[in-house]
Amino acid sequence: MPRFDVLVVGGGPAGSTIACRLADAGAAVLLVDKARFPRDKPCGGGLTMRAVRQCPVDVSPVVEEEVDLVELRFRYGDAVVRRSAQPVIRMTQRRRLDAFLLDAARERGVEVREGETADVSDAPADVVVGADGANGTTARALGLGAGIVHGVAYEGNVPFGVVARERYRRRAVVELADIPGGYGWVFAKGDHVNVGVGAWQSEGRRIREHLARVCLAHDLDPAQLESLRGHRLPLRRPGVRIAAERALLVGDAAGLIDPVSGDGMYECFVSSKLAAAAVLDLLAGRSSSLEPYEAAVDAALMPLHNASWKLKRALDRWPRASWRIARTQLLWKTVERLLLGELSAPGEQHGVARIPLRALEVLGRHG
Ligand SMILES: Cc1cc2nc3c(=O)[nH]c(=O)nc-3n(C[C@H](O)[C@H](O)[C@H](O)COP(=O)(O)OP(=O)(O)OC[C@H]3O[C@@H](n4cnc5c(N)ncnc54)[C@H](O)[C@@H]3O)c2cc1C
């Protein structure tokens, strides 16, 4: 068995992009995934521009729709449509996106083995990267990730023809304040819309009802949804360990999903970038452990995720008051800049646009 510098377990967006970055820097990388690609992953497939900016591969060939209209609705009634001068989200299908990113890793010299799992206690590599997602086993095998909590999401597709393409063109619809700990969405793709819901894990047994209500609000019979599937949303709390001396976790394996939006691909790309830097430091002898990676992730993502936890609490406890703030043009200014990646967290916003942020923060306070 040849030895490698790094074993990456999992070939989703987190695993493929760390493999790309390490291979670009000259490391010998083995990536194993238990699935054979193209494989699907339950996901809305929405790449915010802030995610796109962090991705080391140009994903344009697999983008099916660009979104510059965001429609926010409250309890399937009151609605506002916000328009951006430039696309804020690039819509993909994960089946295509993930195969494309994995090919990019292969092209950079990564040895990719599909349909295989790895024994991390006997890895043929100096460093192990756990990138095996929300249901992966690497974190536990490495003694990392204890204390991650979970949400749950459920989604399916409806072809254009059944729904009118014109209604959803260049649009992301977000349905707020009906689902505890989450929201519903309708996202436009190339030849269909993706309809889904996310919620606290405790809502798991009612998740089909939540999805049915979103369907009805869009004049759809839930039976018209194709390829229905659910998946967990892992949410890291402060202090959860994601790095050891010679091993670390990236993406969903590290629980890095944004608690309010349920997005995780931005976090995949940010964590894989920071992890690659930590691994390269270790391999070059500039550091003796991967543990500093944890502080780097905290610095990059905690300001955003802390604000998201507060917003999640505000929406859950004070839905009407939160909606009155969420629908304002002033709040959209911050949301737009966050989606575009011009701000890495709401706290960086300046001036009068801070007023609605401050109000939401007060509503989302503990206690
Ligand atoms: C319904 C839903 C909708 C979502 N919508 C969005 C969205 O619109 N935008 C967004 O940014 N995020 C969204 N997310 C979050 C996003 O899907 C995840 O954050 C993202 O998939 C995480 O990528 P990853 O590479 O960490 O893990 P994954 O994409 O889950 O990849 C993990 C890989 O590891 C492999 N694997 C697992 N176990 C093993 C093993 N033992 N050995 C080898 N391989 C293994 C799997 O086969 C898989 O290929 C959504 C999530 C859900 C559930």
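Two residues are in contact if their C-beta atoms, placed from the backbone, lie within 7 Å. By this criterion, ten residues of domain 1 are in contact with 17 residues of domain 2. On the side of domain 1 that touches domain 2, four residues are nonpolar, five are polar and one is charged. In this classification, Ala, Val, Leu, Ile, Met, Phe, Trp, Tyr, Cys and Pro count as nonpolar, Asp, Glu, Lys and Arg as charged, and the others, Gly among them, as polar.

This is a predicted model, in which local features need pLDDT of at least 70, side-chain atom pairs count only at pLDDT 80 or more, and totals for chains, interfaces and linings use all residues. Residues are numbered from 1 along each chain as its sequence is written. The chain is assigned domain 1 (4–59 + 94–148 + 235–301), domain 2 (149–232) and domain 3 (305–363); these bounds come from an automatic or database domain assignment. Between the C-alpha centres of domain 1 and domain 2 there are 27 Å.

## The parallel sheet

Helices (H or I, at least four residues) and strands (E, at least two) are DSSP runs, numbered from the N terminus. Two strands pair if DSSP finds at least two bridges between them. Strands of a sheet pair through backbone hydrogen bonds, either parallel or antiparallel.

Five strands form an open sheet with parallel pairing, in the order S8-S2-S1-S9-S15. Strand S8 (111–114) and strand S15 (247–249) are the edge strands, and each pairs on one side only. From one strand to the next, the twist averages 20 degrees. Within this sheet, four bridges join strand S1 (residues 4–9) to S2 in the parallel sense, and Leu7 has Leu30 in S2 as its bridge partner.

## Helices H1 and H7

Axes are lines fitted to C-alpha atoms, for helices over the stretch in contact, and angles run from 0 to 180 degrees between N-to-C directions. Helix H1 lies across S1, S2 and strand S9 (125–130), and runs at about 170 degrees to S2. Helix H7 also packs on the sheet, where it touches S1, S9 and S15, and its direction makes about 165 degrees with that of S9.

Two packed helices are described by the angle between their axes and the distance between the axes. The axes of H1 and H7 come within 8 Å and cross at roughly 35 degrees. Their crossing is right-handed; a crossing has this hand if the near helix is turned clockwise from the far one by less than a right angle, and is left-handed if anticlockwise. Among the residues that meet are Pro13, Ala14 and Ile18 in H1, and Met265, Phe269 and Val279 in H7. The residues of this contact divide into ten nonpolar, three polar and two charged.

A residue is near a molecule if its C-beta atom, placed from the backbone, lies within 6 Å of it. The ligand is surrounded by 40 residues, of which Gly12, Gly44, Gly133, Gly251 and Gly264 are the closest. Helix H1 (13–24), strand S2 (29–33), strand S10 (149–159), strand S14 (226–235) and helix H7 (265–283) are the elements that give two or more residues to this shell. H1 supplies the largest share, three residues.

By class, 17 residues of the shell are nonpolar, 16 are polar and seven are charged. Domain 1 and domain 2 both give residues to the shell, so the ligand lies between them.

## The antiparallel sheet

An open sheet of three strands has the order S3-S7-S4, with antiparallel pairing. Strand S3 (46–48) and strand S4 (65–67) stand at the edges with a single partner strand each, so one side of each is left without a neighbour in the sheet. Here the twist averages 25 degrees from one strand to the next. S3 and strand S7 (residues 89–91) run antiparallel and are joined by three bridges; the bridge partner of Thr48 is Ile89 in S7.

## Backbone details

The peptide bond from Phe37 to Pro38 is cis, with omega near 0 degrees. Pro38 is placed in the loop between S2 and S3.

Tyr76 is a residue other than glycine with a positive phi, near 65 degrees. This residue is found in the loop between strand S5 (69–74) and strand S6 (79–83).
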